[in-house]
Amino acid sequence: MTSSEFRVQGLSISEIAAEFGTPLYLYDAEVLRSTYQGLRDLLHPSVDIFLSLKANPNISVCGCLGSLGAGAEVSSLVELTTARRAGIAAKDTIFLGPGKNRAELEELVTAGLHAVVCESLEEVRILDELAVERGVGELAVMLRINPDFHTKGSGLAMGGKPRQFGIDVEILRQNQEFLKGLRRVRLTGIHAYMGTRFLKHADLVHNTRQILETADQLSDELGIPLGTVDFGGGFGVAYFENETDLDLPSLAEGINEAVERFRDKHPDTRLVNELGRYLTAMCGTYVMRALYVKESMGEQFVVADGGTNHHMAAVGIGSFVKRNFPIRSLTRYADEAEAEYTLTGPLCTPNDVVGKKVALPPVEPGDLIGVERSGAYGPSASPGLFLSHGYPAEVMVHEGRAHLVRRRDDVEDLLGKQSLIEF
């Protein structure tokens with residue numbers, strides 16, 4: 001243990017790593033709580049905050065946020081079961097996704113959710129038929145729309161252009177008779193999600209205004225009741241140099257103004273803001289142990305026991321190309337950087353580079369290295385089975401105690417589902 005090492009709620013990283021091994025994902029429940037509460041305190045009280053489980057489906061992460069009042073947005077039956085077991089009520093859960101299969105739709109008909117979010121008219125038709133077959137009196141459905149306005153901002157756009165997500169507004173206008181003829185499906189509102197990782201509050205405010213205005217117009221045109229409007233999320237987190245975190249007070253002020261205008265006409269509409277990355281990213285650190293420190297053609301390398309198979313976002317995909325996540329020495333957390341190291345993992349591929357030429361204090365074998373802001377899209381968006389290393393442990397520190405919230409994969413986890421035929 002060193003005096004400058006990283007600590008979580010008073011616990012040293014060396015003690016946590018000794019108890020649970022490395023690599024691991026480490027979550028700070030206090031950061032998770034403060035992130036949620038900071039937003040909840042500023043956001044209009046009529047706006048419900050839902051956790052998008054795709055960002056981090058760990059049941060303890062879900063349970064922590066659920067205990068604070070968060071609802072759940074799920075996109076698979078496993079995510080739905082996770083939300084249930086974490087204590088989030090069906091009335092505070094929505095199910096969405098562009099490719100729901102028959103088994104999922106059959107389950108959703110009787111799941112008692114706040115709503116199923118449909119992304120095609122064919123999906124609406126199938127649900128209506130299933131509800132009739134199962135004798136369900138009424139099935140709440142929201143329509144995910146693909147608006148005809150364009151996203152404002154530099155995040156990853158998911159609406160306003162040809163997409164597999166949602167139903168084009170014009171197509172809805174052309175199918176009013178179909179919507180009026182539904183037997184058991186009850187249309188209860190509109191969902192729109194314009195993109196992800198927006199860092200300018202003005203862009204998110206603009207998109208929120210546009211979504212609420214579009215929902216209001218469609219309600220008038222098509223007679224769709226606005227029991228609920230889900231205006232998405234997309235709140236970004238700054239990962240890279242020259243990025244700045246969202247101005248949360250200004251963001252909340254702008255959203256609240258848009259919400260107030262909308263509620264003047266629709267005072268009883270439930271408003272939902274679904275967030276994944278924003279709620280969970282800050283609480284997580286991916287922890288690796290340096291195995292070897294070596295030089296190759298003048299460049300210093302740290303070869304660690306964890307790599308991109310556990311943290312694909314750190315590889316450089318999509319908007320993350322060739323930029324490093326915030327990486328720190330956890331063993332010498334308070335020490336000044338003295339050299340540049342390229343941080344790599346244990347995989348037999350040159351692509352296993354977690355960070356390129358990262359400025360760090362001197363690194364020695366056995367040191368702990370952390371990728372910060374890693375609570376979102378870590379294991380859930382990584383190829384954990386590559387080279388059969390399996391998924392890492394996940395640990396949460398809550399009220400000063402470290403808890404194993406997912407054990408690491410072992411040999412039987414990886415081979416137990418396979419069958420050897422005779423040759």
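This is a short walk through the model, one selection at a time.

Before you click: the model is predicted, so local features are reported only at pLDDT of at least 70 and side-chain atom pairs only at pLDDT 80 or more, while totals for chains, interfaces and linings use all residues. Residues are numbered from 1 along each chain as its sequence is written, and side-chain values use heavy atoms, with hydrogens and water left out.

**Stop 1: the cores**

Select L127, V141, L143, L172 and F235. In the largest nonpolar core, which has 101 residues, these five touch the most other members. A nonpolar core here is a set of buried Ala, Val, Leu, Ile, Met, Phe, Trp, Tyr and Cys residues joined through side-chain atoms within 4.5 Å. Buried means under 20% relative accessible area, exposed means over 50%, and partly exposed is in between (1.4 Å probe, protein chains only). Now colour helix α9, residues 201-222: it supplies the largest share of this core, seven residues. Helices (H or I, at least four residues) and strands (E, at least two) are DSSP runs, numbered from the N terminus.

Zoom in on F235. Which residues does F235 contact, leaving aside its neighbours within four places in sequence? They are L39, F198, L204, L246, L251, I255, N273, L275 and Y278, with contact meaning heavy atoms within 4.5 Å. Then look for another core, lying apart from the largest one: it has 15 residues, among them F6, V8, F20 and V395.

**Stop 2**

Rings of Phe, Tyr and Trp (its six-membered ring) pair if their centres lie within 6.5 Å; planes under 30 degrees apart count as stacked, over 60 as edge-to-face and the rest as tilted. The structure holds seven such pairs. The F6 and Y333 ring centres are 4.9 Å apart and their planes meet at 50°, so this pair is tilted. F6 sits in the segment before β1 (7-8) and Y333 in the loop between β17 and β18, so the pair ties together parts 327 residues apart in sequence.

Next, show R328. It lies over the face of Y333, 3.8 Å from the ring centre. For a charge to sit over a ring, NZ of Lys or CZ of Arg must be within 6 Å of the ring centre and within 35 degrees of the ring normal.

Now pick T285, in strand β15 (residues 284-296). T285 is buried, with a relative accessible area of 8%. Beyond four places in sequence, its contacts include F6, Y25, L330 and V371. One of those, Y25, forms an aromatic cluster with Y27 and Y286.

**Stop 3: a stacked pair**

Select Y239 and F325. Are they buried or exposed? Y239 is buried at 5% relative accessibility, and F325 is buried at 4%. Their ring centres are 4.3 Å apart and the planes are at 25°, so the pair is stacked. Y239 lies in the loop between β13 (228-230) and α10 (248-265) and F325 in the loop between β16 (299-304) and β17, so the pair ties together parts 86 residues apart in sequence.

**Stop 4: salt bridges**

How many salt bridges does the structure hold? There are 28, each one a side-chain nitrogen of Lys or Arg within 4 Å of a carboxyl oxygen of Asp or Glu.

E364 is in the loop between β19 (353-360) and β20 (368-371), and R332 in the loop between β17 (327-329) and β18 (339-344), so the bridge ties together parts 32 residues apart in sequence. E364 is partly exposed at 45%, whereas R332 is buried at 17%.

Move on to D413 and R407, whose side chains meet in a salt bridge (2.6 Å, N to O). D413 is partly exposed at 28%, and R407 is partly exposed at 45%. Then select D48, K91, D92 and R270: salt bridges that share partners join them into one network. Within that group, D92 bridges to K91 with the closest N and O atoms 3.2 Å apart, and K91 counts as exposed at 55%.

**Stop 5: a covered strand**

Finish on strand β5 (residues 71-74). Both of its faces are covered: G71 and E73 on one side and A72 and V74 on the other are all buried. Bring in strand β4 (residues 47-52), which runs parallel to β5 and is joined to it by three bridges; strands pair if DSSP finds at least two bridges between them. Opposite G71 in β5 you will find F50.
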